[in-house]
Amino acid sequence: MAFPHRPDAPELPDFSMLKRLARDQLIYLLEQQHEVDKLYKVESKPAVSSSEQLCFLVRPRIKNMRYIANLVNADKLAGRTRKYKVIFSPQKFYACEMVLEEEGIYGDVSCDEWAFSLLPLDVDLLSMELPEFFRDYFLEGDQRWINTVAQALHLLSTLYGPFPNCYGIGRCAKMSYELWRKLEDEEDGETKGRRPEIGHIFLLDRDMDFVTALCSQVVYEGLVDDTFRIKCGSVDFGPEVTSSDKSLKVLLNAEDKVFNEIRNEHFSNVFGFLSQKARNLQAQYDRRRGMDIKQMKNFVSQELKGLKQEHRLLSLHIGACESIMKKKTKQDFQELIKTEHALLEGFNIRESTSYIEEHIDRQVSPIESLRLMCLLSITENGLIPKDYRSLKTQYLQSYGPEHLLTFSNLRRAGLLTEQAPGDTLTAVESKVSKLVTDKAAGKITDAFSSLAKRSNFRAISKKLNLIPRVDGEYDLKVPRDMAYVFSGAYVPLSCRIIEQVLERRSWQGLDEVVRLLNCSELAFTDMTKEDKASSESLRLILVVFLGGCTFSEISALRFLGREKGYRFIFLTTAVTNSARLMEAMSEVKA
Amino acid sequence: MDCYTANWNPLGDSAFYRKYELYSMDWDLKEELRDCLVAAAPYGGPIALLRNPWRKEKAASVRPVLEIYSASGMPLASLLWKSGPVVSLGWSAEEELLCVQEDGVVLVYGLHGDFRRHFSMGNEVLQNRVLDARIFHTEFGSGVAILTGAHRFTLSANVGDLKLRRMPEVPGLQSAPSCWTTLCQDRVAHILLAVGPDLYLLDHAACSSVTPPGLAPGVSSFLQMAVSFTYRHLALFTDTGYIWMGTASLKEKLCEFNCNIRAPPKQMVWCSRPRSKERAVVVAWERRLMVVGDAPESIQFVLDEDSYLVPELDGVRIFSRSTHEFLHEVPVASEEIFKIASMAPGALLLEAQKEYEKESQKADEYLREIQELGQLTQAVQQCIEAAGHEHRPDMQKSLLRAASFGKCFLDRFPPDSFVRMCQDLRVLNAVRDYHIGIPLTYSHRYKQLTIQVLLDRLVLRRLYPLAIQICEYLRLPEVQGVSRILAHWACYKVQQKDVSDEDVARAINQKLGDTPGVSYSDIAARAYGCGRTELAIKLLEYEPRSGEQVPLLLKMKRSKLALSKAIESGDTDLVFTVLLHLKNELNRGDFFMTLRNQPMALSLYRQFCKYQELETLKDLYNQDDNHQELGSFHIRASYAAEERIEGRVAALQTAADAFYKAKNEFAAKATEDQMRLLRLQRRLEDELGGRFLDLSLHDTVTTLILGGHNKRAEQLARDFRIPDKRLWWLKLTALADLEDWEELEKFSKSKKSPIGYLPFVEICMKQHNKYEAKKYTSRVGPEQKVKALLLVGDVAQAADVAIEHRNEAELSLVLSHCTGATDGATADKIQRARAQAQKK
């Protein structure tokens, strides 16, 4: 199992520097400057602290400002005087200061900034930990984080040298890229002349490929995320996993040897692998018998600790597997996957539609129902008017009328739309593309124009051959292509685009695909002439997902890397999955 | 060469003082210096003269005239003094002229006589008038000290950051002190004053009487006092013609001298340098100049005309109507080389080089002599250093030539000191030039001042080409050097009001181009400061970073332009800043119209309103006729803002109306349904009790069934046209939850199930009721029969059905459910059936 990398695969850059940088900055801010001794979570309840000074470490959001304002004003009413510090991360926004001013506490608080943007979650995964990016940009049309992305890219290029080859697709990708270039030009000289460590950078907007993100994940790491929710690279395993009465927080990364071998595996292989592993472990323990004293001493001092550690991890992952199995069979997981595959391949649409309807009628889960509806809409270029209305009605009856707003959000983001008669659509389309060529309008957020966007999934799928033709059983133990992350039924669109562009070293020959993605003006390639990049660095690729990426996509690209001798590094605004996307779009009662 | 040391005067045993001419002045002064108020800036700075300062008549011809000259006497500015009577003049560290008026107002002028600003030294000064004033320099900047008519002192240690301090009163002071000065100790400014035979030290808190140690007896008053450039030393001149020299702390005496002249000196200043061998005080009377130190004999010079002393860090400048001279202690390196009969290595090397030029073999002898002593390195270093101390280029050259000659005989002499000295001397000679007139000495003033400040001073004198040449010659990085100077030039250029906006903008762009480090927005800000808004906007066009353009545009009230620039920059924060500006500046309607054309700004502002100004958000949607969003807005209000049912229904009604306007029938209908549901839920709560409000329709019906209100539930389902399928699922689940198996069975038989009977089996099994589940298996349709049988665990029958169906998929499904021993027979049966099927 666990495929080894090709012997010539390049080494990954050392990202621990980023971690140290962030940690030192934070410690400095908290301890040296503000003398913080205790940390509380910012929640909507009053902080109980008798401390003379309160220090808030917050994202620059108006909501947080109001929370702080309420707290300060409550203190004022009670006649308390304290010192208040607000540390904004990654930066302070003028709007926040405005709110503090309007709430009449601007003079009472002092502000600071913590320019922290990149958290290395794993050896090849950097996260900006900005889950709000998705809603802010793709729904509200708020571009505030683009600057942060540009700053993060700038930081990477100062640390690891310039990127000789740049590709990207999507409006946000293009804007971020341009802003970053501007930053580099303003501070030129720093990166110039440095040898590039990372040969390629690829920027991709999440709205290029919603389909992949909406599918149920069946690769182990993705499945763990779907089931237990991985937060910042760690997961809380509840009592049902740990088989004790305590929950356990477990870090999931390459350092966990057991996890590292199964994370990219299709779930059907994981159990077999784990039991094999358990047998091996037992055999290693068993070697104790027949050891003499000296060998025993050696064993205890050198191997035992490692074995015990492995043992512990093994039992955790077996527990997690069991728990996943139990949950999935309860929901008739097979049926669900079958429907998803039918949607991806585009057959039995009626049957799938009634499956979804039943799903809603039975109130299985609001988020799941929504996800299936969106998947149906995108793969089918929008729902036919009758279904659009009836599914929505059913949904409102099941889960509450406030979701009327959810549907309005989904429509705006292009996730759940109604098929419109062909002619009006093309008219709007041409109008939008005209707008796009106009420079000023080019900066207009596409949140509104996406109304007129067709997903064209079926055509793209055909063009890029996303549904592999299978003769006989797809052997999930020995994957042939990236489709294995979806049981061999579907090659993730995002990953396929990346593969194709890297193969061609440009968008050449992909014009039709780009057009179908509604990105005629938004796909770009930028290569530097000088050839200072070593062949090793040219096989290192930084993929930037704007709006989040899923573990399935990461696994697929890791697989591609192993096949072709590349190494991928992932930079994402946050790790996401279908539930997170849907929740970001949902309106819930406050 | 023999007469080179002719102007050297020994003071004591170890030190020599020399005086040489810097410039001959041709400033055509009509008055004697004594008739003017004079101020000369240190570090070879400019000289300011105020003619006729004491005339009070109003006649224009005799009005005071303020003139500013360079150190070489080149006129820089001349202006008629129209303000009040001036008591004192002085230069700040930034080469700004401070003119202290009698009323305590200080007027600040630039080097070219341009008025900069003014400030007052306070009310107390205004009332009592200024008797005397001093401008002094500290590490923080330049300060002003004032003695008022009430014999009180007021001072400010830094005119850039004006903080007035009134010093404590001197007890029993009836008349003005005979002399006073400012001291600077431990970063605090003090005042030392003499009244009769007593000395007082004033600090912020107190006035203390002090006595200099070892002061000769018989002093009845102090006539003059001088503090050194670095505030370390103090000299006192008494009415007995006795001079006391010591530390400024008054703790130590250095020496004393009796000059036997009882007339009060005109000026007394220190002449010393860091690491001086023999510090001296220079005392000037009308026609006599005396240099005294720790030596029985003083050096005396005769002054041909009225002169003025300017203390410097390493000597004293003396200028009169015709000349400008420099008096200083001869530096060690020069002394070693040029002292008569010196055998110092440097002296020998200089000699050797001269002989070499004469092609004499003596050169070799000298050289050998140095080499035998192993002092060649030292000799070269001495020559290099001495060259720096020479004023005349020919002397510099011969010393450098000697150094270069000596270097040839050294294997490894690092070249940088030589190279740097050559460079520095070129720069120094250039600025010392008569036309430039900045007589800096090498060792201290030039090094102390730093090249950056020197460049600033050139820029201040508008000597841009020279400054750029120096930058290029010294290869300074562009950002620190050339671009900075170009930017200054541009800032000056925009002040030329006689040139048209276009021409200025073009000229600036031509010169500056894309030079890195030049900020067009800074230049534009200057243009705006001069009242040239149009020019500022033109200049901003050249600014490549659109973000930089925004603050100035806002200041110039070009907010709409600022908004598009901010959007172009991609910095949302900046956009927001502009937005809030606009909001305050424009009326609401215009503001909204502006937003309408800028979707990015609009969405930003909406975000803000969503949290902070809900009403504005509504207005925004209204303005755009965006009924869809307006509807959503009211929907949100119906559950977020309103508490009362009536309010909520009203909000929903508004929302429904909006949706109709937006032609969104679906949303309108859904909203109306919700209104009905809300009213109904309210009624249910009233009639039945329990919680109904805010439940979804589905949950409402479920709750009714769970509460046993089946009739009501059915009524509701009919009213809201709940589809059969849903109703069956709903009822099925609810009844199973209640474990009301009887009712469930009745329900199942009420009519043919629209969802089939598999769900019945599933749900019963979920409640672990196999018995009930089995009841329904027979009614499950043929396609799902196998599944149903497997659910209740009847593998054998499932196998039979599958075999009957001859369905391969079903067969394998059953097979996968066969567990080892118990279903062995069934498994065999299936295998056999399969085999048979294949045979066929």
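**Note on the predicted two-chain model**

1. The side chains of Glu355(B) and Lys358(B) are joined by a salt bridge, 3.6 Å from N to O. The structure discussed here is a predicted model. In this pair, Glu355(B) is buried at 8% relative accessibility, whereas Lys358(B) is exposed at 59%. Elsewhere, in chain A, salt bridges with shared partners connect Asp122(A), Asp124(A), Glu221(A), Arg263(A) and Arg558(A) into one network.

2. Over all chains, the structure holds 81 salt bridges. One of them pairs Arg18(B) with Glu390(B), with 3.7 Å between the closest N and O atoms. Arg18(B) belongs to strand β2 (residues 15–24) of chain B and Glu390(B) to the loop between α5 (376–389) and α6 (393–407) of that chain, so the pair ties together parts that are 372 residues apart in sequence. Arg18(B) is buried, with a relative accessibility of 3%, and Glu390(B) is buried as well, with a relative accessible area of 4%.

3. A further salt bridge in chain B is formed by the side chains of Asp132(B) and Arg134(B), at 3.3 Å from N to O. Asp132(B) is partly exposed at 23% relative accessibility, and Arg134(B) is partly exposed at 29%. Side chains of opposite charge can pair when their charged atoms come close.

4. Contact involves 51 residues of chain A and 51 residues of chain B. The area buried between the two chains is about 4300 Å², and carbon and sulfur atoms give 54% of that area. Six salt bridges are found across this interface. Arg412(A) and Glu629(B) form a salt bridge in which the closest N and O atoms are 2.7 Å apart.

5. Helix α16(A) gives the most, with nine residues. By class, the side of chain A that touches chain B has 17 nonpolar, 10 polar and 24 charged residues.

6. His154(A) lies in helix α5 of chain A. His154(A) is buried, at 9% relative accessibility. Its side chain makes a polar contact of 2.6 Å with the side chain of Glu184(A). Apart from neighbours within four places in sequence, His154(A) is in contact with Trp180(A), Leu183(A), Glu184(A) and Glu187(A).

7. Helix α20 (residues 457–464) of chain A has Phe457(A), Ile460(A), Ser461(A) and Leu464(A) as its buried residues. These residues lie on the same side of α20(A), because they cover an arc of only 100° around the axis. An α-helix has 3.6 residues a turn, so residues three or four places apart point the same way. Lys462(A) and Lys463(A), on the other side of α20(A), are exposed. The buried residues of α20(A) pack against α7 (210–214), α13 (333–345), α15 (366–379), α21 (493–504) and α22 (511–516) of chain A. After α20(A) comes Asn465(A), whose phi is positive, near 60°.

8. Ile337(B) is part of helix α2 (residues 332–338) of chain B. Ile337(B) is buried, with a relative accessible area of 6%. Residues up to four places away in sequence aside, Ile337(B) touches Ser342(B), Gly346(B), Ala347(B), Leu350(B), Gln382(B), Cys383(B), Ala386(B) and Leu399(B). Between the C-alpha atoms of Ile337(B) and Leu303(B), which are 34 residues apart along the chain, the separation is 30 Å.

9. Some backbone geometry may be checked by eye. Ser89(A) and Pro90(A) are joined by a cis peptide bond, with omega about 0°; Pro90(A) lies in the loop between β2 (83–88) and α3 of chain A. In chain B, His151(B), a residue other than glycine, has a positive phi near 60°. His151(B) sits in the loop between β12 (141–148) and β13 (153–156) of chain B and is buried, at 16% relative accessible area.

10. Arg721(B) likewise has a positive phi, of about 50°, although it is not a glycine. Its place is in the loop between α24 (710–719) and α25 (724–738) of chain B. Arg721(B) is exposed, with a relative accessible area of 72%.

Note on methods:
Residues are numbered from 1 along each chain as its sequence is written. Chains are lettered from A and ligands numbered from 1 in the order in which they are written. This is a predicted model: local features need pLDDT of at least 70, side-chain atom pairs count only at pLDDT 80 or more; totals for chains, interfaces and linings use all residues. Side-chain values use heavy atoms; hydrogens and water are left out. Contact means heavy atoms within 4.5 Å. Buried area is the accessible area (1.4 Å probe) that two parts lose on being put together, summed over both. A salt bridge is a side-chain nitrogen of Lys or Arg within 4 Å of a carboxyl oxygen of Asp or Glu. Helices (H or I, at least four residues) and strands (E, at least two) are DSSP runs, numbered from the N terminus. Ala, Val, Leu, Ile, Met, Phe, Trp, Tyr, Cys and Pro count as nonpolar, Asp, Glu, Lys and Arg as charged, and the others, Gly among them, as polar. Buried means under 20% relative accessible area, exposed over 50%, partly exposed in between (1.4 Å probe, protein chains only). The arc is that of the directions from the helix axis to the C-beta atoms. A polar contact is a pair of N or O atoms within 3.5 Å; within protein, one must be able to donate a hydrogen and the other to accept it, and residues adjacent in sequence count only if both atoms are side-chain atoms.
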